[in-house]
Amino acid sequence: MCGIVGYIGKKDCVSFLIEGLKRVEYRGYDSAGIVVLDESSSSIHIKKSVGKIIDLEKKIDNRDIGNLGLAHTRWATHGEPSMENSHPHISNNKKIYLVHNGIIENYISLQKRLEAKGYKFYSETDTEILVNLIESYYTDDIELAVKKALFDVKGTYGIGVLHVDEPDKLIVARLGSPLLIGIGENENYFASDPASVISKTDDVVYLDDKEIGVIYKDRVVHKNLEDEIITKNIEKIDIDVQEIEKDGYEHFMLKEIFQQPRTLIDTMRGRIILDEGTTNLGGLRQHPQVYNALIKAEKIYIIACGTSWHSALIGEYMIEEYAKIPVEVEYASEFRYRDPIISEKTVVIAISQSGETADTLAALKEAKRKGAYTIGLCNVVGSTISKVTDAGVYLHAGPEIGVASTKAFTSQVMALALITVDIARHKDMSFREGYKIVKEMKLLPTLINSILDNSMVVKDIALKFKDAKNFLYLGRGFNFPVALEGALKLKEISYIHAEGYPAAEMKHGPIALIDKDMPVIFIAIKDAIYDKVITNMKEVKARNGVIITIASYGDEEIESISDYVIKIPDTTNLLMPILTVIPLQLLAYYIAVEKGFNVDMPRNLAKSVTVE
Ligand code: G6P
């Protein structure tokens, strides 16, 4: 979603700001803008463009220089992508420049108040209201004006502010939208994502909610909104620059699919105790109260959005079957607005790759307010959700750049399996069963490699079906959520309508759609409900449907009922989704590439959805 970058120092910062924006391009945006101030000549230069950052770059010429500045990528919420609506926004007196992530919810009442004072507005954005609100409070101190304005604001913000009469400083503040300050030598930076500053520094300070940073060239002053100076820790960014490069792959998504054998090892590292047939998650055990509450929980809610919601569903199957605790999976956006029944015996697990998804964060806050213990499963270290939860498990999958989530999904499923075994071993799960599962976990990377080695089989199928208008994905048990995830991947990047269903549910509706033009993907691995899935496949065949099956190695019977078969190795049932999803990720990828779409940045989607 929106990205923010800022710089103050002695050097020309245009290329740093543009590079910083490019580092967050993957998060999704539809316009971009930059403002730089040259202190020596007191000249200000602002450029905006609708579309890609490359279009913004084309507008910048060698007169556009400055030693402090702000840049922004905007994902439209209030008003369409346009020059007027893109950031930076300028106050009426043309002195204050603002970039903003988040949403000012009470912007209409603020707008009326400002209009009564004679302010004019030229965009449809809430951000333009905020910059003028700041101006309305300004006498001679931008820091003070920002603080006063923020007191009036309801909603969320991560902001960067520049005043042309105070070129020695930039002001940043946050409430609900991520913001960090990068510490350099005689220069400082800020950004909404650490990837934007990593080329300059790995020393950063993460702002917490309702905090302000006054950033000078050679120092940073941290305050809260009450104007008290606060002490903040400098932390190290935990990103390897190579992780945010394509590394020879055509797309980030392909790289991330092929990284999965390694990312799963990273998720498991140090967490398996083979000779005890169990697992050990430091982020849970270090919080004994939460850990005990989890083991003794009478009810677990798992809240998430998108792909993370699909891994949550797999978590429900796992925890109920092995740890014997009732689990309810909820879309975070629904959970937050209904009245879920929560007692002190309820534990709420939030799953979020980014750790910033606004709906998940808000649902989590609601769960905390109602007294539940909360646990976060996040990939991004230091993200908001990882901070507000009582305990957590990091995925350690490394930065995921492709908008369509792949490696984070398999790591989420792995993290849920690790948690399940940990709880279950405190209950009825025997050493023998625990041992079998954790041993299988360790084999998964090799098994995934064998699937990836056969990716050409999937590519051939993709070429045959790239022009299909609809797809149906069917699976049962642990593989039903995988069917949902396969359908979502296809929708997200190839814009083909696809639906996932539990295979048996097909006869209650979707069967009406089946004809020779409807490819139906079955996940039919040799498990306890294999025979039931075969029956469902026959129902499709009887209606001339075209069947593509994800099947187990050595299953000969499946060939006669399927038109195309993708064979994969077997593992224990709760880990199977980690294998069955791989061909579906590849299928979506190859179809999107064949159709010529921008796989890493699909239209309208954002990697991290920081608005409601
Ligand atoms: C967006 C992304 C999805 C992601 C979802 C939840 O919609 O495009 O890929 O699954 O947000 O994101 P989270 O970071 O909370 O897992």
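Guide: Let's start at Thr279, which sits in strand S16 (residues 278–279); strands here are DSSP E runs of at least two residues, helices are H or I runs of at least four, and both are numbered from the N terminus. This is a predicted model, where local features need pLDDT of at least 70 and side-chain atom pairs count only at pLDDT 80 or more, while totals for chains, interfaces and linings use all residues. Residues are numbered from 1 along each chain as its sequence is written, and side-chain values use heavy atoms, with hydrogens and water left out.

Thr279 has a relative accessible area of 0%, so it counts as buried (under 20%; over 50% is exposed and in between is partly exposed, with a 1.4 Å probe and protein chains only). Leaving out residues up to four places away in sequence, Thr279 touches Arg271, Ile272, Ile273, Arg285, Leu418, Val421, Asp422 and Val438, where contact means heavy atoms within 4.5 Å. From that list, Asp422 also has its backbone nitrogen 3.4 Å from a polar atom of the Thr279 side chain.

Now for the open spaces. The largest pocket holds about 820 Å³. Of its 44 lining residues, Pro194, Asn379, Val380, Val381 and Gly382 are the closest to the centre. A pocket is an open set of points on a 1 Å grid over the protein atoms alone, where a 1.4 Å probe fits, with protein on both sides within 12 Å along at least five of seven lines; lining residues have an atom within 4 Å of a point. The volume is the space filled by probe spheres set on the points, which are joined across faces, edges and corners.

Strand S14 (235–236), helix H7 (260–268) and helix H13 (384–388) each put at least two residues into that lining, and H13 gives the most, with three. Domain 1 (3–237) and domain 2 (241–451) each supply at least three residues to the lining of the largest pocket.

The second largest pocket comes in at about 600 Å³. Among its 26 lining residues, Cys305, Gly306, Thr307, Glu492 and Val609 are closest to the centre. Helix H10 (306–323) makes the largest contribution to this lining, with five residues.

Finally, the domain assignment also gives domain 3 (454–599), with bounds from an automatic or database assignment. The C-alpha centres of domain 1 and domain 3 are 46 Å apart.

Conventions. A polar contact is a pair of N or O atoms within 3.5 Å; within protein, one must be able to donate a hydrogen and the other to accept it, and residues adjacent in sequence count only if both atoms are side-chain atoms.
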